[in-house]
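This report covers a strand pairing, a helix and its surroundings, and the salt bridges. The structure comes first.

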Amino acid sequence: MIVAGFGCSSQAATASLHDVFVRMACVAKPDALACLDGRAAWLVPFARQVGLPLITLKPAQIQGIATPTQSARIQAAFGTGSVAEACALVVAAGSLHKEDDRRAAAVIAVARLISQDGQATGAVARGGGT
């Protein structure tokens, strides 16, 4: 499975998400989108617009996920270096309910990208076999 993970501020507009998505989709077309459940309100309309399912995660599900890019602010708040990368990795690995090494079964295909307005981030992960 190929998953586009997103992080965004409460100021993010659909245009911010679209900006990141277009650049990611040029490299890998995702099968699904993923984000933290607290940001689903921002992603649901966008997911409908692009015709992809949205999978939401609780913050505890991304805690401790090793990511290629690092944000000190995100590390302090969520226990991972990138919300977008961590969400993509967890869902692409198919380990939403497992406590094992959630990153081992998935790899980052597109490292964190930031929208032009700085309000959204996105990353793509590929699960094993894709």
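## Strands 4 and 5

Leucine 113 has glycine 122 in strand 5 as its bridge partner. Strand 4 (residues 106-114) and strand 5 (residues 120-127) run antiparallel and are joined by six bridges. Two strands count as paired if DSSP finds at least two bridges between them. Strands (E, at least two residues) and helices (H or I, at least four) are DSSP runs, numbered from the N terminus. Five residues lie between the strands of this hairpin, where glycine 118 adopts a positive phi near 75 degrees.

## Basis of the values

The model is predicted, and local features need pLDDT of at least 70, side-chain atom pairs count only at pLDDT 80 or more, and totals for chains, interfaces and linings use all residues. Residues are numbered from 1 along each chain as its sequence is written, and side-chain values use heavy atoms, with hydrogens and water left out.

## Helix 2

Which residues of helix 2 are buried? In this helix, residues 40-50, they are Ala40, Leu43, Phe46 and Ala47 (buried: under 20% relative accessible area; exposed: over 50%; partly exposed: in between; 1.4 Å probe, protein chains only). These residues lie on the same side of helix 2 because they cover an arc of only 130 degrees around the axis, the arc being that of the directions from the helix axis to the C-beta atoms. Ala41, Arg48 and Gln49 are exposed, on the face turned away from the buried side.

The buried residues of helix 2 pack against strand 1 (2-8), helix 1 (14-25), strand 2 (32-36) and strand 3 (54-57), where contact means heavy atoms within 4.5 Å. Glycine 51 follows helix 2 and has a positive phi, near 70 degrees.

## Salt bridges

Side chains of opposite charge can pair when their charged atoms come close. The structure holds two salt bridges (a side-chain nitrogen of Lys or Arg within 4 Å of a carboxyl oxygen of Asp or Glu). One joins aspartate 19 to arginine 23, with the closest N and O atoms 3.4 Å apart. Both residues lie in helix 1, four residues apart, about one turn of the helix. Arginine 23 is partly exposed, at a relative accessible area of 29%.

Another salt bridge links the side chains of aspartate 37 and lysine 58, at 3.2 Å from N to O. Aspartate 37 is in the loop between strand 2 and helix 2, and lysine 58 is in the loop between strand 3 and helix 3 (59-62), so the pair ties together parts that are 21 residues apart in sequence. Aspartate 37 is partly exposed, with 33% relative accessible area, whereas lysine 58 counts as exposed at 52% relative accessibility.
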